[in-house]
Structure formats: structure tokens, C-alpha cells
Amino acid sequence: MTIDPLPPDLQRTHGCGELRPAHANSRAVVMGWVARRRDFGSLNFIDLRDRTGLLQVVFNAEKFPKVHLKAQELRSECVVAVEGEIVHRDPETFNPALATGEVEMVANQLYILNDSRTPPFPIEDNVPTSEEVRLRYRYLDLRRPRMQANLRLRHRVTLEIRQFLSAQGFLEMETPFLTRSTPEGARDYLVPSRVQPGSFYALPQSPQLFKQLLMMGGLEKYFQIVRCFRDEDLRADRQPEFTQVDIEMSFVHPENVMELTETLMERAFGAAGVRIERPFPRLTYEEAIRQYGTDKPDLRLPPLHSAGQLFSAEDRQSLGINPEAPLVAFRVPGCGNLSRKERDGLREFAEERGVKLFDDLGRLESKLPAPVKALREQAGAAPEDLLLLVAGPAGSESGSPSDSNPAPRGNPPFQPLELAVYSAAGALRLHAGQKYAQNHGMLRPEDYRFLWVTDFPMFEYDEQEKRFTATHHPFTSPHEESLGKLESDPSAVKAKSYDLVLNGQEIGGGSIRTHRPDVQRRVFRVLGFSEQQAHARFGFFLNALEYGTPPHGGIALGLDRIIMLLAKENSIREVIPFPKTARAIDLMCEAPSPVSPAQLDELGLEQKKDLS
């Protein structure tokens, strides 16, 4: 195959997917990749692909024999430039699946710009390919229409966010990537310093302190679409490096931040062609746990219902359940005819989480007709619905949530057993909904349900470290009415914090920050920091608070998760150009990788021989 140079006077006139019947009888130049070639003797056809779509190109041996002969060399993923006339297709050959399906190009010039090896997988969307192979050859995977559509969506939404915030008077600022480690929360990625041997930078988990310093510097309105880094265990909605929309404002209340965020979401989702309803509903942290068993509820499923008041002590004794534990019920719409095997699976799911599940309320109703009837009415359960009752098991004392069902952040004001039952019921509600209710019109990905969860507990107690930790971060402001309880009853202190939740995903978290140095020092003391430790970690920040810090607050929105939900994908890896695997590995670049002894020596580092 002879590779042609791109002629200096040849200019692309159209994208492959842009041509329509209105372009018929005109000359065009298109460039892209050969998606498919079909040989019919004197006629050869290729589907030519670029990021705008596909165009059928015809090579006619009778009209242009040399071009037809050259086209015989083409194979999938060759890069070509083609010049020719756009003509109407015969009506019987229209392709309604293509935007360009009513026209085709008759080629009179062909330039083969590059050859291609046979790809390890077909580029078409409808051919299943393992994620490992896709990530190893990500540059090929990015050619797939699905990935191209996802990344175009990401661009449109990001651009709309940037334009909206700029129009609202926000200044886009960059904050450092090389900063100091402040080990609170997730693990930092550390970067050794060559010029300061034995010292390390940390990659930022968020620009939290810097955006607050910008408020102290009088910038008043800041935003940044920023990369952040966390060395934590990964899931479908996590990556070691991720992108967030970071916003901070001076002289604001929570209402101001939430109102701005709602308008921003309206504009961002509008850029994707999605209309959302405002204002967003709100629940306090406590209300969210009692109604949904989680601090990031999916509102597309019916809520939980407290059933404890419907069953007497004698009723509980007859059922063999803990008289002290709450009773929680919920309905799964349209799933009343689950098989015995399916119901057994739900009971096993509940048992793994330390609770007891009653899944056959018909049988229970024959034994306790009055409370079960009242429960059906309270839950609004129709005959075709599945109604489930969750209870703490008899004799349960610890009530601690299992590892498979971690407690929501900010345990107070719930007792361990109470939180365990609500958390397990919430997990079971979501599990049953995802497994069965989708077949009954529930959990439609295009049904976007936003929710604000507010007034989180300021602190949660870490049993392993035997100290309080910050539910969000230590720079969140407590409510003024809670200040008197900071030292005497930290578990009762509520924070001026707010999370934005969408369809069971936390897509944003924010708060009003502590702007008073005396309050910030008190918070550090509650967290177990001595004066010396606080200054060692945050001395520069505590000093800055002393110089007239304005009241301020903001929010960080997870851009990857937002795009994932808009694209109706199940993993943020599908909306990030070059993601890592679930084990934080870049299969394409083969990173992380060992470094040479010379590099380690230059940094003053020595690697342990036994790294198992």
C-alpha cells in the first residue's frame, strides 16, 4: 500500500455525518477512517467515519478506474481523504439508520493517508468487548460512536457550566497541584521532592483550603473545573483522579449556594437536552435516614415507613423480633408475584445485614390482621405490590452495620441498633428496586430526581481511633445554636452542610465554612488536635483566618458522575477519556510502573525489598 501525503491545497469541506440531500450535486472533500469496505466488482463501497458520523462512498470502475483500483487496497481503520460528488441514493437503498442515509459520495480522488493494523476488536458499538481490552487500546475505543457521543456531551455540559458561572461574575482560578499533605479523610498521593530531600508534596484531594484563601484574598466569587486525587479503594463511580466543579462565594448563606447550584444544574442539564424541575426537594440528614435508610436516597423508589407503632409488644414477641428495634416497611411496586426463590434471595440479603425480613405479609396478616392491614394502608401498597417488613433480630445487641452495609456518614442522632435497621432496610429497598422494580417502569435513567440533604451531624465517632472525626471536613461551620455543645456534646452539633443527590448518587457536597479563628480552633480540639498539631498541619490557614476572613461557603460538584448520569452509563469510566481500572491501573500506559534505582537515589528514596 502506497501512503500519500496530504496535499497542501486539499481542505476538508464537510464532516462525514454532516451531508444531507441539500448537498446533492455538489463537490465535497471528506476525511476519516474506513469503517467498512464492501466489494461488488465494478463498484466498491466504504463507510467513512469521522467524529460527526458515517458517509457511504462509492468507487466506480467505469467512471474512475484508477481510483477504483486504489480503493481495492483499503481495509478497516485506514485513514483516507476522498473527493467527489454528493448524489442522491436510489430510494430502495436509503439507510434510515444513518443521518446521511439518503446520500452518498461518488469518489473521483482518493488519498490513502495511513494504513492500519487489524484492530483487536471491532470499532462498532454493538460488538461486546471486555473492558480490559477496551482500556488497553483506549485510543481505538475512543473511535466508537458511543464514546464519541459521551465525550461530546461532556464538552457541551462543561462549556455551559463555564459560561454560566462566568456570566454570574465568578472568576476561574487555578490552584496548586503540588501542595502539603493534610491527612484527614482519604489517603493522599505523595510526590517526593528532589530539592528538599526527605520532604513530600501531596496531590490535592480538593482545592478546599486554597478556595477559602481566595475568599480571604477578596476574590468573592471563584470557580474551577479541577482535577483532584484520592488514593482510595475504587468503585464504578470513583477514580484515583477525577474532575469536580469547584465553587466558592463570600457573604452567603446556604440558600444562596443551593439556589445558584440549582440554576447551574438546570443550565447544565439543558445543554444535554434534559429539562429538570426546580426547586429541588430538601430533607435533613435525619429525615433522609428515617425515610430512605441512606443519606443519598434514590427518590424514584417509594420511601420507608416506620411501622413500630402498629405492632404491640405482644405482636413483636409472637414474631420473635427485638422489642427495642425499629420496625421498617416499604413497598416494591408491581413485584407482588415474586417467586419463592426470589423471596429467599431477599431474605438472605437481609440476613447478611443483620436484620430479619418478613416477605409474605399475606401469611402474617392471618396471624396479625389489624397491624398488617394498617401497614398496607400506611405504605399505600396495592395488591400487585410487594410489601416488606424489616426488623432487628431478637437478642441483637450490637446492631452494628455490617461491612457490606456501611452506615451513612454522621451517625448521630441514631443509636447503633436503630441505625443498623434503617441502613439495612435502605439497602434492601434499593437492592429489590434495582433487581425487580425496573421491569415495572421504576428507576428509568431519564427520570432525574434531585434532592438536597442538609444539616448533617458535624462529627462522627471513630471506634477504631477512639475520637471524633469530621463528617464532611474540619472547615465546615457548625450551626450557631450548636456552638455551645462543641466541647460538651459533639455528637449533637449540626453542620451548615448540604449534599446534592441525584438518583441515589451524591453528585455534590458543600457547606458554609468556619470563618472565625476561635471556632476553627475549637473544632480542631474536638477532632483531637493539640494546638501544636493544628499549627503543624494548618498553621498557614489558621494565620490567614486572623486577618478579616469574610463569611463564605461553596460546593464541589462531581462532573464525572453528572456526565455518567446524563449519558445513562453505569460507570464514570465510560465518560472519562483515559480512566484507570478498578485497581487504579492504566492498562494503556502500563502505569504505575517501577522506576530506576538512579531515579530513587536522586530523590533520596530506598525501596523495600519485600513489598508483599
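How many bridges pair strand E1 with strand E4, and in which sense do the two strands run? This is a predicted model, and in it E1 (residues 26–40) and E4 (residues 79–88) pair in the antiparallel sense over 8 bridges.

E1 and E2 make a hairpin with 2 residues between them, and Gly41 in the turn has a positive phi of about 75 degrees.

Let us move on to another sheet. Eight strands form an open sheet of mixed pairing, in the order E6-E9-E10-E21-E20-E19-E16-E11. The edges are held by E6 (171–172) and E11 (282–284); each has a single partner strand, so one side of each is left without a neighbour in the sheet. Within this order, E9 (residues 221–229) and E10 (residues 241–250) pair in the antiparallel sense over 9 bridges. Phe223 stands opposite Ile247 in E10.

| Strand pair | Sense | Bridges |
|---|---|---|
| E1 and E4 | antiparallel | 8 bridges |
| E9 and E10 | antiparallel | 9 bridges |

In soluble globular proteins, nonpolar side chains tend to be buried together. The largest nonpolar core in this model has 42 residues, and Ile247 is among those that touch the most other members, along with Ile161, Leu165, Met265, Phe269 and Phe450. Helix H6 (residues 254–271) gives the most to this core, with 7 residues. Apart from it lies another core of 40 residues, including Phe330, Val390, Ala427 and Leu428.

What does Phe269 touch, leaving aside its neighbours within four places in sequence? Its contacts are Val274, Ile276, Tyr448, Phe450, Leu502, Ile562 and Leu566.

Phe177, Leu178 and Tyr201 form a nonpolar patch on the surface, and together they have about 260 Å² of accessible area. Tyr201 belongs to strand E8 (residues 200–203). Is Tyr201 buried or partly exposed? Its relative accessibility is 32%, so Tyr201 counts as partly exposed, a class that lies between under 20% for buried and over 50% for exposed.

Conventions
Residues are numbered from 1 along each chain as its sequence is written. This is a predicted model: local features need pLDDT of at least 70, side-chain atom pairs count only at pLDDT 80 or more; totals for chains, interfaces and linings use all residues. Side-chain values use heavy atoms; hydrogens and water are left out. Patches are made of residues with over 30% relative accessible area and no salt bridge: like charges are joined within 9 Å, nonpolar side chains (Val, Leu, Ile, Met, Phe, Trp, Tyr) within 5 Å. Accessible areas come from the Shrake-Rupley method with a 1.4 Å probe; for residues, only the protein chains shown count as cover. A salt bridge is a side-chain nitrogen of Lys or Arg within 4 Å of a carboxyl oxygen of Asp or Glu. Helices (H or I, at least four residues) and strands (E, at least two) are DSSP runs, numbered from the N terminus. Buried means under 20% relative accessible area, exposed over 50%, partly exposed in between (1.4 Å probe, protein chains only). A nonpolar core is a set of buried Ala, Val, Leu, Ile, Met, Phe, Trp, Tyr and Cys residues joined through side-chain atoms within 4.5 Å. Contact means heavy atoms within 4.5 Å. Two strands pair if DSSP finds at least two bridges between them.
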